[in-house]
Amino acid sequence: MTQGPRVYGIEPDSAGGPQPGRDYRELTGGPLDGHLIEVTGWTDEEIATRAYLITPYNTYGPGGRTSYAPTFSRPAGPWVWEGDVS
């Protein structure tokens, strides 16, 4: 059985994956590489800035935050890892 990309915030053993009619951004690099983050309902400003996401794999240990953001050249493309934050 082939699994698609994991959606951030959805338990790995659940049946929840990307849903039709929802808007996602792929996360590239860092501890959440390959995950998707759902941005459905986010404002354009929220989507254009960044997200600080809790992750179990981080410089600061489990529960630390990591930063992902769109790139200037590809604002609608994948979000790139910027680094871990405390």
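Predicted model: local features only at pLDDT ≥ 70, side-chain atom pairs only at ≥ 80, totals over all residues.
Residues are numbered from 1 along each chain as its sequence is written, and side-chain values rest on heavy atoms, with hydrogens and water left out.

The protein contains one helix and five strands, where helices (H or I, at least four residues) and strands (E, at least two) are taken as DSSP runs and numbered from the N terminus. Along the sequence these elements follow the order β-β-α-β-β-β. Of the 86 residues, 31% are buried, the term buried denoting a relative accessible area under 20%, exposed one over 50%, and partly exposed the range in between (1.4 Å probe, protein chains only). The protein exposes about 5,700 Å², of which carbon and sulfur atoms supply 53%; the areas were computed by the Shrake-Rupley method with a 1.4 Å probe, and for residues only the protein chains shown count as cover. Among contacts (heavy atoms within 4.5 Å) with a separation of 6 or more, 37% join residues 24 or more positions apart.

In soluble globular proteins, nonpolar side chains tend to be buried together. Here, the largest nonpolar core has nine residues, namely Leu 27, Leu 32, Ile 37, Val 39, Ile 47, Ala 51, Leu 53, Tyr 68 and Trp 79. Such a core is defined as a set of buried Ala, Val, Leu, Ile, Met, Phe, Trp, Tyr and Cys residues joined through side-chain atoms within 4.5 Å. When neighbours within four places in sequence are set aside, Leu 32 is in contact with Tyr 8, Leu 27, Leu 53, Thr 55, Thr 66 and Tyr 68.

The ring centres of Trp 42 and Trp 79 lie 5.9 Å apart and their planes stand at 50 degrees, so the pair is classed as tilted. Because Trp 42 is placed in the loop between strand 2 (36–38) and helix 1 (44–48), and Trp 79 in strand 5 (residues 74–85), the pair ties together parts that are 37 residues apart in sequence.

In strand 3 (residues 51–55), Tyr 52 is partly exposed, with a relative accessible area of 47%. Its C-alpha atom is separated by 5.4 Å from that of Thr 66, which is 14 residues away along the chain. With neighbours within four places again left aside, Tyr 52 is in contact with Arg 65, Thr 66, Ser 67 and Val 85.

Three salt bridges were found in the whole structure, each requiring a side-chain nitrogen of Lys or Arg within 4 Å of a carboxyl oxygen of Asp or Glu. In one of them, Arg 22 pairs with Glu 38, the closest N and O atoms being 2.9 Å apart. Since Arg 22 belongs to the segment before strand 1 and Glu 38 to strand 2, this pair ties together parts that are 16 residues apart in sequence; Arg 22 is partly exposed at 47% relative accessibility, as is Glu 38 at 27%.

A further salt bridge joins Asp 23 and Arg 25 (3.0 Å, N to O). Beyond residues up to four places away in sequence, Arg 25 touches His 35, Leu 36, Ile 37, Val 39, Ile 47, Pro 75, Ala 76, Gly 77 and Trp 79.

Arg 50 and Glu 82 also form a salt bridge, with closest N and O atoms 2.8 Å apart. As Arg 50 lies in the loop between helix 1 and strand 3 and Glu 82 in strand 5, the pair ties together parts that are 32 residues apart in sequence. Arg 50 is partly exposed, with a relative accessible area of 38%, and Glu 82 is likewise partly exposed, at 45%.

Definitions and conventions:
Phe/Tyr/Trp six-rings, centres within 6.5 Å; stacked < 30°, edge-to-face > 60°.
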